[in-house]
Each structure stands twice: as structure tokens, then as C-alpha cells.
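My entries follow in the order I made them.

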Amino acid sequence: MTQYVYRFGGGVSDGGAGDKNLLGGKGANLAEMASIGLPVPPGFTISTAMCTRYYEEGETFPESVKAEVANGIAHIAAITGKQFGDAGDPLLVSVRSGARVSMPGMMDTVLNLGLNDQTVQGLAATSGDDRFAWDSYRRFIQMYADVVLGLDHGRFEEALEIAKEDRGFTLDTELSAGDLQALVAEYKSIVEELWNKPFPQDVHDQLWGAIGAVFGSWQSERAKVYRRLNDIPADWGTAVNVQAMVFGNMGDTSATGVAFTRDPSTGERAYYGEFLINAQGEDVVAGIRTPQYLTRTAREAAGAKPASMEEAMPEVYAELAAVFDRLETHYRDMQDIEFTVERAKLWMLQTRSGKRTAKAALKIAVDMANEGLITREEAILRVDPAALDQLLHPTLDPKAPRDVLTKGLPASPGAASGLAVFDSDTAEKRANAGDSVILIRVETSPEDIHGMHAARGILTARGGMTSHAAVVARGMGRPCVSGAGSLSINAREKVMRVGDREVREGDMVTIDGATGEVMAGQVPTVQPELSGDFGTLMTWADEVRRLKVRANAETPLDCRTAREFGAEGVGLCRTEHMFFDSARITAVRQMILAENEAGRRAALEKLLPEQRSDFLEIFEVMAGLPVTIRLLDPPLHEFLPHEEAEFTEVATAAGVDVDTLKRRAAELHEFNPMLGHRGCRLGVTYPEIYEMQARAIFEAAIAVAEKSGAAPVPEVMIPLVGTRRELELMKTVVDKAAQAVFAEKGRTIDYLVGTMIELPRAALMAGEIAEVGAFFSFGTNDLTQTTLGVSRDDASRFLTTYVEKGIYAKDPFVSLDVEGVGQLIALAAERGRATRPDIKLGICGEHGGDPASIAFCEKTGLDYVSASPYRVPIARLAAAQAVIRGK
């Protein structure tokens, strides 16, 4: 028969720290603390397996579990010498949740269970304190009514407030035993009114009601949201911990508190926490009373008057401090601890690895490694790579008030305030005039690149975490909130509406790209500090990792940022962003709208020096490092004019009439441009475009080699290849341009020609394609779109539902679809290497900065990942963690 109940305390520990999956974090740690001799009130844990069965069997309990729970209650009774339901000396218990990972505040707790109209008299007699007994009963009814019976919590709070007001009191502690007894009667009448039944007096009914409620809270809305945000599977379930009550509200020698063994905000090695004298645990957490500091140092630093625990209870504090050190040494991590002092006797109620900021995580990991508590490899594993984002961008001052208008998707981290603007030209103009601006668009397009660059932050009503706005903003290091669907944006009227609120052009707004919040007015920010601990951990990570880390960068600023963050080259330089520059867009449009090759070449002649100068600046920053340049990729229609004035400008430059240009633009219209005339298809039909780009690359590379002595290594990448012949034709164009430049300049440089694998056919035919291409870069954004048949820019409408329903484990544009797209990458890598053993393999989509995707790249044996500049440190750390976990 399956065992579902595990006891702890009184020299018994049926489980331990290794049983987290079965007993939940709280249950496993209670058993572990009991086994190492710490003062833990006795109890038992009902396992997560029972939670799963509870839901499978229609939220009912089998008879076998009822017998096991009865044995668990008998275990507690034997150790405490008290009986459950005994009117003379009652045993009271707490019933708490405990999932395998910490979910603070997400699930339910019931304290003081076992009190009724008879046992409250016994508690008063044995404790010698009538007030304490009636206060405990009052708290129990309020909590049970809320958690188990689902009654309106506000009604009980209201009754408590009225009771205090009637007597002229402000604090709960001022109420006498008689006041509390009257309040209990009032509470019971509220229960009967709202529940149509009296408050349950049978202690066993109370217990099973509470156990069912805690299991039930696993499927509460707040728990579901928390699981989704933190990638916690729904089938893990929660455990239930039933434990003998100890009381922090038995007078001035009793207290309750929450503490961390190190500061969770800064990582400093100092006890951090709060306690309350004569209180129960929820008083500290709920903020009903203002807690006091644990240490004298913390109290003095805050300028607070009430005595710290160190001063008020010196002996118990000394015992607690010794327990802190013992627990941190035992678990080898910073601990978050709950404790209660009952009449000067210390009891430990919980320990778990404490939640911490990214800054604190870095400091704690490095300090513990330097203290010899953990190894350097363990320190590398202790820091969540994604949390490093917090350190690389400005963040909102947590103490500042904020007027939140709405919430969208946290698409690019960081925070920024600025004047609302609704088009890119205005953004650029106002930024040049010295204003900070936030660019607000329904959605962005490549034509907004100048406005996005000028803005401090970007806000869009449409688009997901991998929309154009999100991808470009992350690459630039700009905060971005996308997909804020409750926004109504009217770009023509230059106004944004949220409910009955309006934001007009020039109004100050603030966005938080880490939370997705959009706020009215200015909220102060805190600048990032890349402390010594950051550099130390990165050095340790670099010593371990195998994968190289490059950056997706197409401006000198991006390249410099990437190098500062440790990039080892450029993995993707998108040349189309250069074409949108306002100084050259007319020449680009002239080239596209030309009727023949001669017209195109005339326009390309104007673009050549501009393109050369782009590459020159990038190669200077990246001297001596590989730079992968993707030749023109997007469909031509993206560059076309829309406004009458733009057509006139292009017509004048090209020497043709406007009607001819409009006819030509209509001819270029495509119904599905993402799969249309783009990528290498442009190069095949108009080879002169790729010829000009290749010439610009080689002329710039030679110029930098001559000037600095450190030649860059251009890797010319042909996009959207699906066949060997396409790459062969394009390689011929590039090689011909290279030889012409080498002959003119009288010197050569090393270069490679390869392709982006972004079509399923290219992955399948990788063996043939590798006969021509010297490298493959997996363009996972488009490879995901073409494999799944899902448009990245439209997927936000249904992908959240798909993830919730378990169709995909995660958004496949955020974290690589390892089963499907991953299989194609592994296949292409295998077939490519079979043909060309020294072929270079990397990925350059947004997945290059995602830790789970990087782990897949390590396992598949790719040579490098490429990520946006601000994600380079994340990729470096994730690559090191992948090596350690793969051992």
C-alpha cells in the first residue's frame, strides 16, 4: 500500500532534505531540521502524491489516508502529551501548504486548528491566560472561515475594527479576554449568516476541511498565475504539513519572526529579519502591526526605537543566531527561516533557500565560494542567468510611488521615463532637442528603427515577447513593454487611452520592461552597478564554458557594448537596419523601384560608400574577431514609400515620374512577404545588390587590417537558402567581389561564406549545402516560424493559451522547441559535419540568449551562440552552467 503520511519530530524523521519532490520543500526541511536535532514542533506531512490522487479521484480522500492521518495525530499527541479534541488540555495544530519549490503567499494556511467552544476553556485553563485562549479562537474562526469556508474576509475585519472603535482602541492587543469572547460570538454569527450552518465544532471535521482547502489552493487562480510566471508544472502538486501549534502570542516572553541568514537585497553577511513580541506568524507577514528589528545594528541603522530581539530577548536571540549559522552551514545556502518563541522556548517552523535579488545572488555565491562553503562550480550554478538582466539595466526605485495605468508583456528589461510620442520622426526630433521620450506605437516596423534608437523606451499595444519591437529593443538595450492590449492608441490624434485615462503627446510616462507595467508620470530609477562580484563570477564562468558567445550587433555602439560585456565576435550583423537610415533610404528606394539593372547599379553606387563606412566602424571595434554579416534579407516592399512626399522625393532622385514609381511599387506588392521575394531570392534575381554589399565588406576589412594590423574575419552569410544551388550562385558572387577587391588593394584577408539555416528544407539538405558553405548559423526565429507554421508577430493572440493548455511547454519563440525545431538543428549539424568536419555551427536567433536553449546548443555540440549585446553575460553564464550540468 502506498504511504502518503510522513512523520517528523520527537526523534522520528520518516523523510529528509532529499525528499523535496515527495514532501514539498517545507515538509522535507522540517524532517531534515528534526533529524539534525533542532527544536521543531512534531508533526506529519501528507505527500504531493496524495495531492495528485486527490484531484484524480474527484477531490476525495481514500480510507487508507484517513487511517494514516489518525496515526500522524497520535504521533503528535504522544510527543506533546496533549490529545486532539480534549476539552481539558487540547492539542492544537497548524495546517500549511508546501510545494517542492517555494511559492510565497500563493497557497493557504490555517492556524490554531482544534479550538471549539469546549477546548477554548481548556486552553485558557492550561495556559493560565484567558485573553490568549480567546484571541487564538478568534484568529482560528477568521482564518478557517476565509481559507476553508470561502467566506468574505472583509466582514470579519470589519467586526474587529468595530470592536476596537467601540472601546476607543487602536491595537488588537488592547482588547481584553471579555472583548475577545464577545468578538468570537460575533464571528460565529457571521459564519452562520454567510454559510447557513454553525461554525464546525468537531475537530476532525475541522482538520479534514483544512487539508482539503490546502490541496484545493494548489488550483487557485493566484497559484496558477504564479506557476505560469515561474515555469512550475501543474502536475507537481503540493504537500500538506500538519504540525503541533506553538504560540508566539502567550505574553511578553513569547514572539514570532521571519529571518534571513544574509541580507536578501544586498547579499551582505548579516542577519536580516523582523519579529513581533506577543504575536502569531500572520501578524508579521500581513503587516497588521509594525514588526521590530532582529539585531541592534539594524535597529540603529533604521533609527527605530522599539527594542530589537537581540536587546529584548538576548538569550533566545543567541540561541537563534547559533541555529542560523548551523542551518546555513548544513544547507550550504542562504536560508529564509520562520521561528516562534513560546514562553522563552525557541521553535523552528520552517527553513528554505531564501529568495534574493540578482545583486544579492551574485554576492552570496561569490562570498560562499571564497568562504569555502561551496565550490566555484556550485557558485556558477547558484545565479539564475536570466536574473542578470536586473543588473544590466536601470531599474525603478522600489521606494518610489507609482501610478500604474496598465500592464503588458515585459519584453525588454530596464525602466525608463519620458515624454509620450506616437511616431518615430517626432521621437528622433525631440530626442535630438534633448528630451527623453517613450515611443508609443500600436506595433513597430523596421521603419521605426530611428525612433526606437532615439527613444528611452518603447511601448506597443500589439506583439509578443519576440515581436519586432521586443527583439530590436533587447538588441539596443532599450526597455520595452509590448502587447499592452488594454491600450487604445490613436497615432493620428497622438493620444493613448486606458479606460477613462488619457495620455497625450508630451505627457510624461514611465515603463518597466522587467514587469510590463506602464505608469503615468515620472518614477525615479536606480542605475545598475556592475560590481566586482559580477566580474569575478563571469571569470569563473568563462573558465568552465566551451561554447563561444558572440553578439547580434549592427551599430558601433552595439558592438562596443557587446565587447564590454565579453562578446567574442559578432554572430549576426543585419544589414537591412543600415538601409533604413534617413540619409540613404531614398537611394535604397531608387534601387528597388528601378526598371532595369542599369538603374539599380546607379543607385547602388550611391550606397556603396555608405555601406563601406558602416562595416568599417564595426570592424574597427571588432578587430581580430569574427564578424558574421547577413546580406540583405527582408522583402523589398518594407523599404517602399507610402506617403506622396516620399514618392516625389524618390522620383526626383531617380529622374522618373511619380506615376511610374507607383506602378512599379504596385508590381512589387506581395500577399505573403515573409515567404516571398526575400533573402537569397533577392540575390539570385538581383545579384548586383549582394555584389555591392560584398565589395563594401572586403574594402572595409582591408582598410581596418592596414590601419590596425588586426584583420577582422568577415563571415558572409547568405540568408534563406533552401538548396545547394542557391548558395553556390551567391558564393560565386561574393568570391568574385572578394577577388576584385583583393586585386585592386594588393592584399588578401581570410573570409568565409556560409548560410543561415532557417528553412526546414535547408536543415534536411544540410549535407549537400555544406559542400558549398563553410559555416551554418541557425536563424531560430524564422526556423521556428517555418517549422511550426506560426507567424511570430501574430502568435501572441493564442500562444499563451497554448502554453496554459500544455500544447507547448513554453513560448517557442522565447525558448527553443527542442522536440521539433531542435531535432532539425541536431540533424543539420550531424549532416553538415559528415560532409565538412570543420564546419562552424552557431545560432543567432533570440534563443541565443535563452538559458534553456543554450543548454540544448551545448548538448548538440554547436560552436557558438549569438545574443543581443545586453544578453551576452546571460549567455556566458548559461553556457558555463550547461557544461557543469552535463558532467
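**Entry 1: the whole chain.** I began with the surface. The accessible surface of the chain comes to about 35,200 Å², and carbon and sulfur atoms account for 49% of it. I note here that the model is predicted. The C-alpha trace spans about 105 × 60 × 55 Å along its principal axes. I find 36 helices and 34 strands in the chain. Of its 887 residues, 56% are buried. I also looked up contacts between residues at least 6 apart in sequence: 68% of these join residues at least 24 apart.

**Entry 2: the cores.** Which residues have the most contacts inside the largest nonpolar core? I noted Leu388, Leu537, Phe619, Phe698, Ile718 and Val734, in a core of 146 residues. Helix H28, residues 687–708, gives the most to this core, with 12 residues. There is a second, separate core of 69 residues, and Ile73, Phe156, Ala163 and Ala210 are among its members. As background, nonpolar side chains in soluble globular proteins tend to be buried together.

**Entry 3: Leu537 and Trp540.** I set aside neighbours within four places in sequence and listed what leucine 537 contacts: Leu362, Val366, Ala379, Ile380, Val383 and Leu877. Next I took tryptophan 540, which sits in helix H20, residues 532–544. Is tryptophan 540 buried or exposed? Its relative accessible area is 5%, so tryptophan 540 is buried; the cut-off for buried is under 20%. With residues up to four places away left out, tryptophan 540 touches Val366, Ala369, Asn370, Arg376, Ala379 and Ile380.

**Entry 4: helix H23.** How many residues of helix H23 (585–593) are buried? I count 9 of its 9 residues as buried, and the helix is mostly covered. The buried residues of H23 include Arg589 and Gln590, along with Ile585, Val588 and Leu593. I then looked for what covers them. The cover includes helix H22 (576–579), helix H24 (597–621), helix H25 (644–654), helix H26 (658–667) and H28.

**Entry 5: aromatic rings.** My search of the whole structure finds 21 aromatic pairs. I looked at phenylalanine 698 and tyrosine 751: their ring centres are 4.8 Å apart and their planes stand at 65 degrees, so the pair is edge-to-face. The cut-off for edge-to-face is over 60 degrees. This pair links distant parts of the chain, with phenylalanine 698 in helix H28 and tyrosine 751 in the loop between helix H29 (724–745) and strand S31 (752–757), 53 residues apart. Phenylalanine 698 has 0% relative accessibility and counts as buried. Elsewhere I noted one aromatic cluster formed by Tyr54, Tyr55, Phe61, Trp208 and Phe215.

**Entry 6: a five-stranded sheet.** I traced an open sheet of 5 strands in the order S11-S10-S9-S12-S13, with antiparallel pairing. Strand S11 (292–293) and strand S13 (345–353) stand at the edges with a single partner strand each, so one side of each has no neighbour in the sheet. In S9, 5 of the 6 residues are buried. S9 runs antiparallel to strand S10 (residues 272–277), and 6 bridges join them; alanine 255 stands opposite isoleucine 277 in S10. S9 also pairs with S12 in the antiparallel sense, over 6 bridges, and here phenylalanine 260 stands opposite aspartate 336 in S12. Strand S12 (residues 335–342) and S13 pair over 8 bridges, antiparallel. Phenylalanine 339 stands opposite methionine 348 in S13. Helix H13 (residues 314–331) lies across strand S9 (255–260), S12 and S13, and runs at about 30 degrees to S13.

**Entry 7: positive phi.** Most residues other than glycine have a negative phi, and I looked up two exceptions. Alanine 344, in the loop between S12 and S13, has a positive phi of about 70 degrees. At 47% relative accessibility, alanine 344 counts as partly exposed. Glutamate 59 has a positive phi of about 60 degrees and lies in the loop between helix H2 (48–56) and helix H3 (63–80). The relative accessible area of glutamate 59 is 47%, so glutamate 59 is partly exposed.

Terms used
Residues numbered from 1 in each chain as written. Predicted model: local features only at pLDDT ≥ 70, side-chain atom pairs only at ≥ 80, totals over all residues. Heavy atoms only, no water. Core = buried A, V, L, I, M, F, W, Y, C linked by side-chain atoms within 4.5 Å. Buried < 20%, exposed > 50% of the residue type's maximum accessible area, 1.4 Å probe, protein only. Helix = DSSP H or I, 4+ residues; strand = E, 2+ residues; numbered from the N terminus. Contact = heavy atoms within 4.5 Å. Pairing = 2+ DSSP bridges. Axes fitted to C-alpha atoms, helices over the stretch in contact; angles between N-to-C directions. Areas by Shrake-Rupley, 256 points an atom, 1.4 Å probe, with all protein chains shown as cover. Phe/Tyr/Trp six-rings, centres within 6.5 Å; stacked < 30°, edge-to-face > 60°.
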